[in-house]
Amino acid sequence: MRVLLLATAMLALAACGSDRAGPSTPAGVAAATNIDFADVANYASPALPAYFDQSVAALDNSPISNPVDDRVATLGRVLFHDLRLSTNNRASCGSCHQQRFGFTDPMRFSNGISTAGTTDFHAMRLGNLRYWQPGTMFWDRRAADAEAQASQPLHSLVEMGWGGPAGGIDALIRKMSATAYYPDLFAWAFGSATITEPRIQQALAQFVRAMVSHDSRWDAGYARVFSPAASNRALDIDLANFTAEENRGRHLFMADADQGGAGCAACHRPPTFALAADARSNGLDAGETRLFKAPSLRSVGLTGPYMHDGRFATLAEVVDFYATGVRDGPALDPRLREASAPRRLDLDAADRAALVAFLKTLDDPVLTTDPRFGDPFRR
C-alpha cells in the first residue's frame, strides 16, 4: 500500500513539474529553430522605465483586437526572419530590417528576391513603432496599421515575390503548410494549425510592436533626473553621463526656438522619440504635397542613409538640411514655417556637431542585440 501511495505521489509530482515546464517543443520546430515551447520569451509585459508612463501608453497603436501575446509574438519572430517566406528563399523581413542596425538597412534601397530590383523607399527603423499615432505605416502612411503593413512585402514582386504569377498569398500558405514547423507553431500560438493571412499579419505586427527601445545612454542619464512633476518632465536638464557637447545638443533638441533651442522635440517626441501624431512633412522638396511619416529616432546613429529616399548619407547632412535646406510646400509642417517662409535653424558648426553628438546618444545596444528579436533559425 505504501509503495502504491509513494508511486502515486511521484507521478503527481512529475505531472505538476511537467505543467510548470509547459509543453514540449515539437520535433519539426526544434530541428528548424531555437524556439522552446517550455520557455517562452516575454514580449507582452516588458519592464519599462518610469517615464514610459500613461503619457506614453496613450500613444500605443496596438489595437484591442490584437494585444501582444508571448506565443503569437514568438511566431512573429519566426515569420520575420524566415527566408522561406520569399518565393526563392532569398529574402525575409529581417533581410531589410537588420537588428544590428536598429532594424533598418545600410543600403539606400533594399534588395528582395533579386539584386536586379530594389524597393522604392529606404527601409524604416522599427524600434518604438508602436508609439506612433494614428498608427499608419510606411513612409507615405499608405497602410492603416501594422497589421495591414505586415503582409504587403509578401505581395511585392520585388521584396518577397508572391504577387501576380507567383500565386499570391495562397501559394505562400501552401508552402508554409508543407514545412515541418509552421503547422505546430500556428497551433501553439492560435489554438489551431490553420495558416491564414490575418494570422500572419497579427503575429508580425505583435513582434514589431514588441521592439520597444529604452536602453540608450540618454535613457541612463534621463532616468536619474526624471520627475513627472518637473517642468517639461525634466527633459531639458543636463545629464551627468553626457559630455558638454552632448548636453549642448540635448538642449538644442529639447528646447523651443524662443528658449535658445532648435525645437526638434516638438516633432520627435521624447521619451519614445517617435513622430508627433499631428506631424506633417519636413520640406525635403519644394511644393511637396505628400504627408510623410518618420520612424523613431532611436538608434538613428547606427547607420545611414536617411529620409524616405535615403538622400542623406550622414546625420551631419540631415542637420545641415534643417539648418539651411527646408523647402516650402502645401504639406510642410507648421513647426517648420516662420511667418510665410520655411524656417531654417540658425546653427553654427559647433551647434550642428552638438546635435549630431546628441542623436548618437539615442543608440540602443540592448535592442540591437536582444536574442528575443534575433534570428531563431538554425542555419
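Start by selecting Val72, Ala73, Thr74, Leu75, Gly76, Arg77, Val78, Leu79, Phe80 and His81: these residues of helix α4 are buried. Keep in mind as you look that this is a predicted model.

Now widen the selection to the whole of α4, residues 70-81. The helix is mostly covered, with ten of its twelve residues buried. What does the covering? Among the elements over those buried residues are α5 (93-96), α8 (168-177), α9 and α10 (197-209). If you like checking lengths, twelve residues at 1.5 Å each should span 16 Å, and the end C-alpha atoms of α4 lie 17 Å apart, which agrees.

To see the contact, show Arg71, Val72, Thr74, Leu75, Val78 and Leu79 on α4, then Tyr182, Leu185, Phe186, Trp188, Ala189 and Phe190 on α9. Colour these by type and you get ten nonpolar, one polar and one charged.

Last stop: select α13 (residues 315-324) and α14 (residues 349-360). Here the axes are 9 Å apart and the angle is about 130 degrees, which makes α13 oblique to α14. This crossing is right-handed. Show Leu315, Ala316, Val319, Asp320, Ala323 and Thr324 of α13 against Arg352, Leu355, Val356, Leu359 and Lys360 of α14. This contact divides into seven nonpolar residues, one polar and three charged.

How values were computed: Residues are numbered from 1 along each chain as its sequence is written. This is a predicted model: local features need pLDDT of at least 70, side-chain atom pairs count only at pLDDT 80 or more; totals for chains, interfaces and linings use all residues. Side-chain values use heavy atoms; hydrogens and water are left out. Axes are lines fitted to C-alpha atoms, for helices over the stretch in contact, and angles run from 0 to 180 degrees between N-to-C directions. Helices (H or I, at least four residues) and strands (E, at least two) are DSSP runs, numbered from the N terminus. Contact means heavy atoms within 4.5 Å. Ala, Val, Leu, Ile, Met, Phe, Trp, Tyr, Cys and Pro count as nonpolar, Asp, Glu, Lys and Arg as charged, and the others, Gly among them, as polar. The expected span of a helix is 1.5 Å times one less than its number of residues. Buried means under 20% relative accessible area, exposed over 50%, partly exposed in between (1.4 Å probe, protein chains only). Angles under 35 degrees count as roughly parallel, over 145 as roughly antiparallel, 65 to 115 as roughly perpendicular and the rest as oblique. A crossing is left-handed if the near helix is turned anticlockwise from the far one by less than a right angle, and right-handed if clockwise.
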